[in-house]
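Student: Could we go through this structure together? I would like to begin with the terms.
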Amino acid sequence: MKILIGTLALLIGSSHAACPNQCSGHGTCGVDEVCTCFPGWGTGGDAGGDCSDRFCPHELAWADFPSRGGNRHKYAECANMGECDRKLGQCECFDGYEGKACARQSCPNHCSGHGTCEYMKDLQFGIVYNEYYDGSSPALSGLGAGGMKFDQDYAWDSDRARLCVCDAGWTGLSCEERMCPYGNDVMDVIPGFDEYATTDSNGIPGLAGYGNEVGQIQTVTLYDAEDDISNFVGQTFALKFTSKLNETFVTQPIMWDSDLDVVAEYIEAALEKLPNRVVDDVVVSAESSSGATGVVINISFIGRFVQGRQHKLEVVTDRCEVGCTPRITGLANLRSFSDTTLSTVEITTIGSHQSHECGRRGKCNRKKGVCECFTGFIGAACGTITALA
């Protein structure tokens, strides 16, 4: 009897000891002495074994071999861009990747403190609103602010791949480089130049001291929802100007007057009052469109600091009340939908000049943001000649 009991005890002890390492306390011992591990546990990245190792988070792989059906980007531990610390169950991501499962790209050098790290799905087309909504059709017209962000993007990495979006005055993949002033190439040759002309053949005002050269003209067209522009009278709006260094400036409130010539004067004064002489000289005209259903405002950029192609103006038309700046009533009666005509901002005259960093007559010192002009040229954007060869 004692021998039978002892034999049974040995058999029982042997059955408990049969599962490796007693499943490390992270699983149950089953048939054929095989551990069934608790969720998140296994051995060396595989299920079973002695359940002594942790699994790490899985995500869509950045790169992997194709399946039999040719599919890629299957779920993989640490997204195949990191190694799993099996004691902690945490991914140790390779350089350039981050997140719980290494599912996000890191932005280089954290954008150097001069930008933000944005997902690809959040990147925008263009700097200002009417770069995309260019007025080429009613569907591509309208008013707003900021670049165009597309609503849908089904790319597998649209919410994983990231890129630096630099602050104003900074550029480069990691926003580590300064931008330099832009200006016209002072050596540009303008076809048909007449140093004594004050207007061109169409009566467009020339640039002071530049004969018949003309500046860029932007045309702002505003339509009233009730086809009656008198509804604008007494309301206020503002204009937003974005410099070539991507700095943004918003004008003081502009009051709409029943006399469109007065409206033009208000707009001209508001733009020229922007800080740092960012808009040093403009000429503005305003007239009603056919049937007085809308207003056409032409803004000619003729100042030395705004030569060449400039970003389109943005019209600030939404109400901005207490605690908001600039405090405006907004243009409440703007037409918001039409099959034929819609308010927009267009470049109607390209202008005679170009706009180049350092005027194409110098090299930008990216550390200082200062133009180092070539011999014979001086100025913030190398726009003054000191010697002729």
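Tutor: Buried means under 20% relative accessible area, exposed over 50%, and partly exposed in between, with a 1.4 Å probe and protein chains only. The model is predicted, so local features need pLDDT of at least 70 and side-chain atom pairs pLDDT 80 or more, whereas totals for chains, interfaces and linings use all residues. Residues are numbered from 1 along each chain as its sequence is written, and side-chain values use heavy atoms, leaving out hydrogens and water.

Student: Is Ser243 buried or exposed?
Tutor: Ser243 is buried, because its relative accessibility is 6%.

Student: What does Ser243 touch?
Tutor: Leaving aside residues up to four places away in sequence, Ser243 touches Phe249, Val278 and His311; contact means heavy atoms within 4.5 Å.

Student: On to salt bridges: how many are there?
Tutor: The count is twelve, where a salt bridge is a side-chain nitrogen of Lys or Arg within 4 Å of a carboxyl oxygen of Asp or Glu.

Student: Which residue pairs with Asp185?
Tutor: Asp185 forms a salt bridge with Arg361, with the closest N and O atoms 2.8 Å apart. The two are 176 residues apart in the chain. Asp185 is buried at 1%, while Arg361 is partly exposed at 24%.

Student: Which residues are in that network?
Tutor: Salt bridges link Asp185, Asp188, Arg360 and Arg361 in a network. Within it, Arg360 meets Asp188 at 3.1 Å, N to O.

Student: And how accessible are Arg360 and Asp188?
Tutor: Both count as partly exposed, Arg360 at 43% and Asp188 at 23%.

Key. Helices (H or I, at least four residues) and strands (E, at least two) are DSSP runs, numbered from the N terminus.
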